[in-house]
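Here's a quick briefing to read alongside the model.

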Amino acid sequence: MRIVWPLAVAFFFSFTRTLAQQATTAPPSSLLLRPAAVFDGETMHAGWVVLVEGSTIKAAGPADQISTPAGARTVELPGQTLLPGLIEGHSHLLLHPYNETTWNDQVLLESQALRVARATAHARATLLAGYTTARDLGTEGADYADVGLKQAIDQGLIPGPRLLVATRALVATGSYGPKLSVDVDVPQGAQEADGVDGIVRAVREQIGRGADVIKVYADYRWGKGEPSRPTFSQDELTLIVQTAKGAGRPVVAHASTPEGMRRATLAGVETIEHGDGGTLEVFRLMKQRGVALCPTVAAGDAISQYQGWKKGQGPEPERMQQKRLSVQAARKAGVALAVGGDVGVFRHGDNSREAELLVQEYGFSPLEVVQAQTSGNARIFHLLDRGRIQPGLLADLVAVEGDPTQQITALRQVKLVVKGGVVYRE
Ligand SMILES: [Zn+2]
């Protein structure tokens, strides 16, 4: 196609301008944030201010003890609490709510291009909801698309949280889905691997292609309508953890049966996702081995409603009652709480639903949950450069109206989002 030259030039400049607008603008040299109070990841401090310089926190403390450098931009945040950027512990940016499209249809019928395009919108919604980091636990049939998504965010092409990605996740052959007729091989929502050679190769493949964490399904329903049962053997799980740990990657396990949880714990995984059928005995073992539980209460709540439960009217499904018992047992055993909702099952941007349910229906205090979702998740996920407001840490910050350590719903009242010193929402 012939393009008239001046038009081509104009097109080029408008294109670069658009990119510049989308890309993160250069961080201001300094930013002084003046909220009503600062939650530093552990406790509240009324009257504190936070000074950001470049991409990190320069100072935090009482307003009269922090001098404002010349040229600093001051942001007044009256009535607001400034806290560390929230950390989503369990997301699937490449999934969208199952009441829009079933999981099977997302895996089988949606192109990877469509799924990635959606995921860019999901990443933006996550960041603007105050989540500056997310541990994304599996692409569910979208191969290594999470690695590219993470690169696009890191390069400033699209707004989104800092990501820890699990890529394809590992399942024992025959245990996962989708399952159609026995006569047809259909693409699976995770990578099948078995035995010594198969497992070592699969873990190395995923790490080589960009996995930050390895996710394994320690149990699953082998057939439609069946309860979950263990999948990998103890030896296989142990080998997965050894192979991943040798490469500096932690392993997380999907597990909801006591036996699946027990094997995963003994293998040395760092977190167990869901844990619905967990017993006091297995939670005591987790506590002893330093394994955290990410109960994903919001996912079960959403799925039960998709299946017809009229929340607040109909009787609570058995699945929900069981979940409450397992979370109680985990608390009794003193297991550390990782906060993550399995968001993707429900709407991205609605991440704080998990924190709300933990307070409103599972008996945690707002303070416990806000601590867990900031400094707690950072500790469990080995993210020592964030999760607290302290000099030298990343300037990942969120301001909300009110005090979320008193009223958890305040987490929804997001007024300011800063990631790496760049203001994404104001
Ligand atoms: Zn999940």
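The centres of domain 1 and domain 2, taken over C-alpha atoms, are 32 Å apart. The domain assignment, automatic or from a database, puts 30-84 + 391-425 in domain 1 and 86-351 in domain 2. Keep in mind that this is a predicted model: local features need pLDDT of at least 70, side-chain atom pairs count only at pLDDT 80 or more, and totals for chains, interfaces and linings use all residues. Numbering starts from 1 along each chain as its sequence is written.

**Where the domains touch**
- Domain 1 brings nine residues to the contact and domain 2 brings eight, with contact meaning C-beta atoms, placed from the backbone, within 7 Å.
- On the domain 1 side, strand 17 (397-401), strand 18 (414-419) and strand 19 (422-425) each give two or more residues; strands are DSSP runs of E, at least two residues, and helices are runs of H or I, at least four, numbered from the N terminus.
- Strand 18 gives the most to that side, with three residues.

**Helix 9 against helix 10**
- Helix 9 (residues 297-306) packs on helix 10 (residues 318-333) at about 165 degrees, with axes 10 Å apart; axes are lines fitted to C-alpha atoms over the stretch in contact, and angles run from 0 to 180 degrees between N-to-C directions.
- That makes helix 9 roughly antiparallel to helix 10 (over 145 degrees).
- Val297, Gly300 and Ser304 in helix 9 meet Arg319, Met320 and Lys323 in helix 10.

Key: Parallel < 35°, antiparallel > 145°, perpendicular 65-115°, else oblique. Contact = placed C-beta atoms within 7 Å.
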